[in-house]
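Here are my notes for your read-through, in the order I'd look at things. Keep the viewer open and click along.

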Amino acid sequence: MPPSQQPLFTDEDCNLPSQERLSLLERLQILLGDVPPHFWAACHLCDVRKLELLVQTAELNPNIVYIAAGQTYTMVANCKMNTIRLNYNT
C-alpha cells in the first residue's frame, strides 16, 4: 500500500494488540511458561519486530530470555520513580 493510502493510526497505536503481536505472545508463553507480569507488560508495549526477535531468541535459548524477564521489575521501578519525580516537580 502506498504511504499516502496507509492509515495514520493502527490498532497498535491505540493500544489494541495486533494479531501478529498476539501470535508472538502466545508463542513466547509456550516457550517460557511462567515469567513475571512486568515482562508481559514490556512485551505488550515493545516494537513488534523486537518482540519477534525475542521469540526467536527464546526458541534458540530460553535461558537468555528468562534472565531478561527477571530484570523487568527494575524497568517498572524506574518508571514509577520518574512519574513520582514528574508529579513532584509540577
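1. Start with helix α1, where R21, L24, L25, L28 and L32 are buried. Buried here means under 20% relative accessible area, exposed means over 50%, and partly exposed is anything in between (1.4 Å probe, protein chains only). Look down the axis of α1 and these buried residues fall within an arc of 100 degrees, so they line one face of the helix. That arc is taken from the directions from the helix axis to the C-beta atoms. On the other side of α1 you'll find Q19, E26 and I30, which are exposed.

2. A word on what you're looking at. This is a predicted model, in which local features need pLDDT of at least 70 and side-chain atom pairs count only at pLDDT 80 or more, while totals for chains, interfaces and linings use all residues. Residues are numbered from 1 along each chain as its sequence is written, and side-chain values use heavy atoms, with hydrogens and water left out.

3. What covers the buried residues of α1? The cover includes α2, α3 and α4. Just after α1 comes G33, with a positive phi of about 75 degrees.

4. Now zoom out. Of its 90 residues, 18% count as buried. Take the contacts (heavy atoms within 4.5 Å) between residues at least 6 apart in sequence: 65% of them join residues at least 24 apart.

5. Next, the middle. In soluble globular proteins, nonpolar side chains tend to be buried together. Here the largest nonpolar core has 14 residues, and those with the most contacts inside it are L28, L32, V35, F39, W40, C43 and L51. To belong to such a core, a residue must be a buried Ala, Val, Leu, Ile, Met, Phe, Trp, Tyr or Cys, joined to the others through side-chain atoms within 4.5 Å. The elements giving two or more residues to this core are α1, α2 (37-45), α3 and α4 (62-70).

6. Click on F39 and stay there a moment. Leaving aside neighbours within four places in sequence, F39 is in contact with L28, L32, L54, V65, A69 and T72. How many aromatic pairs does the whole structure hold? A search finds 1. The partners are F39 and W40, edge-to-face, at 5.3 Å centre to centre with 65 degrees between the planes. For the rule, rings of Phe, Tyr and Trp (its six-membered ring) pair if their centres lie within 6.5 Å; planes under 30 degrees apart are stacked, over 60 edge-to-face, and the rest tilted. Both F39 and W40 are buried.

7. On to the charges. Side chains of opposite charge can pair when their charged atoms come close. A salt bridge needs a side-chain nitrogen of Lys or Arg within 4 Å of a carboxyl oxygen of Asp or Glu, and the count comes to 3. One of them joins E20 and R49 at 2.7 Å, N to O. Because E20 lies in helix α1 (residues 19-32) and R49 in helix α3 (residues 48-60), this pair ties together parts that are 29 residues apart in sequence.

8. Another salt bridge is E59 with R27, at 2.6 Å, N to O. This pair also links distant parts of the chain, with E59 in helix α3 and R27 in helix α1, 32 residues apart. E59 is partly exposed at 44%, and R27 is partly exposed at 34%.

9. Finally, go back to R49. R49 also forms a salt bridge with E52, where the closest N and O atoms are 3.1 Å apart. R49 and E52 sit 3 residues apart in helix α3, so about one helical turn separates them. Together, E20, R49 and E52 are linked in a network of salt bridges.

Definitions and conventions:
Helices (H or I, at least four residues) and strands (E, at least two) are DSSP runs, numbered from the N terminus.
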